[in-house]
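Let's take a friendly walk through this structure, one piece at a time. Have the sequence and the 3D view ready as you read.

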Amino acid sequence: MTSAHRLAVLACATLVATTAAGCASAKKAVTGSDDKGAITMGSTSGTTVLDPAGAYDAGSWLILNNTFQSLLKFPAGATSPMPDAAESCAFTGADALVYKCELRSGLKFSNGHPLTAEDVVFSIRRMQKINDENGPSALLSTIKSVEAKGAAEVTIQLTTPDAVLPAKLASAAGSIVDHQVFPADALLANDKLVGSGPYKIDSIEANGDAGLRKVALSANGEYHGDAKLQNNKFVLRYFDDGAQLKTALEQGEIDLADNGLDPATAAKLKDDQLAGTGKIKIAEGESAETRFLAFNTKDAVTGNPAVRQAVAQLVDRKVLARDVYARTVQPLYSVVPAGINGHNTSFFDHYGEPDVAKAKKLLTAAKVATPVKLSLTWSRARAGEAEAKELKKQLDASGLFQVTVQQESDWTAYQQGWIDGKYQAYVVGWTPDYADADNFVTPLVVEGGAFHTGWDDPRISQKLVPESIKQTDRTAGGAYAQMQNLVADAAPLVPLFQNKAFYASGTDITGVDGTVDTTGVFRFWEIGRAAKK
């Protein structure tokens, strides 16, 4: 699956879910226990496929991160992956071409089958063989071969150096599946899934082809790992939008809601909590989800660097964060968000605060006639049309631009539109696969990136990226700083903001604060319920 496809799935699933929760035609699959005593979470991140080889969206990874183990994982607040099913993992040389892992002893799947090196090898080869167009196989594309030695040792040979491989394996793309259950060349039905994570799937309710409606989980008695479960049952319910999510939370149908609440609602709930008048509490944390204004650099207007630079000079991120998103986001000044190793503030360093005089100077020097007529297209946003309208207002107020806003409500058509170069400027969000600067630079700016901007800088794609991918010490950000600075100078896309994570819950729910961070992994096992006094 391409980065662009993941972008499409995530934008469609995370911002406006595609499931039809509440539909009377929902079909129940899997025989399982009832939900009595379970903690129930609501989400707008819809999904349809849970098999790791075909699952590549926020809604499916939410389940996989809690029901499967990978060789590695990202613990709460971590910026580097740590062992999960593995006891230890390491590159055998400085060239980052051979990666070896030793598994923990006593690992089992929820069906009692032992988890061995054979299953790890099978899982990787299966992912590559199926190569599902909607799956994450591209993340493992640098793997040349994988071999097992005995029951516990795994050796991965790479075609090219890939120091980011540990982070990729720590994502849901690295989920280890049971070779005795999963077919080698086809996806397994959702109701047949078997993992080795902290939870096992008890039941699934689906709304036909429209997606999942509810997934009920219970503690996996065969689990062997570090997670300490604070609950024995966890239910995930999918909702169409933030309004449905809010209603379910207020009526007590769910115990907590994910980051799908609209900005005004999240801000109001937080204010009520601070005032001591609310019956719902808010856990606020960091998020690595980002939002960009992308440009078609092949267009006669936005292909001019001065036009893009002038926009970058005028955009007021603080106003967007305050007035449009009710402070549920924070201004972003680089393609790599805060909290990720290698982050800098290249756009602020290059442009500073919004300045009309500086923007005018850029356009005048490039002999660009003003006002520049610019078309701005958007599809979906948590703040609705207010986001695009605010961007238009800011640019128009300078007297240097005359912006026309248009919406393409069909997400698939929107994606195809920027692929075909139909738009001049367009707003899109990005959710990373793993917490590493590479996942914000390589897929977004190399050879046009997921947004199909048409821009590429050989200094990045041919020199800095190949150099950085060899860097086994992922805390060293020298090459990434250079790449971010080059992006700021050319401005093929302008970072707007970085989401904050706002999770709302009943006052008796505990542990939410500890699992909301830039890793993007929501750990069901951290969530508990306070005893009644």
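Helix α11 buries E387, A388, E390, L391, Q394 and L395, where buried means under 20% relative accessible area, exposed over 50% and partly exposed in between (1.4 Å probe, protein chains only). Just after α11, G399 takes a positive phi of about 80°.

Helices here (H or I, at least four residues) and strands (E, at least two) are DSSP runs, numbered from the N terminus. The model is predicted: local features need pLDDT of at least 70, side-chain atom pairs count only at pLDDT 80 or more, and totals for chains, interfaces and linings use all residues. Residues are numbered from 1 along each chain as its sequence is written, and side-chain values use heavy atoms, leaving out hydrogens and water.

**A glycine in a loop**

Now look for G511, in the loop between β19 (509–510) and β20 (528–529). Not counting residues up to four places away in sequence, G511 touches E526 and I527, contact meaning heavy atoms within 4.5 Å. The C-alpha atoms of G511 and A283 are separated by 9.3 Å, although these residues lie 228 residues apart along the chain.
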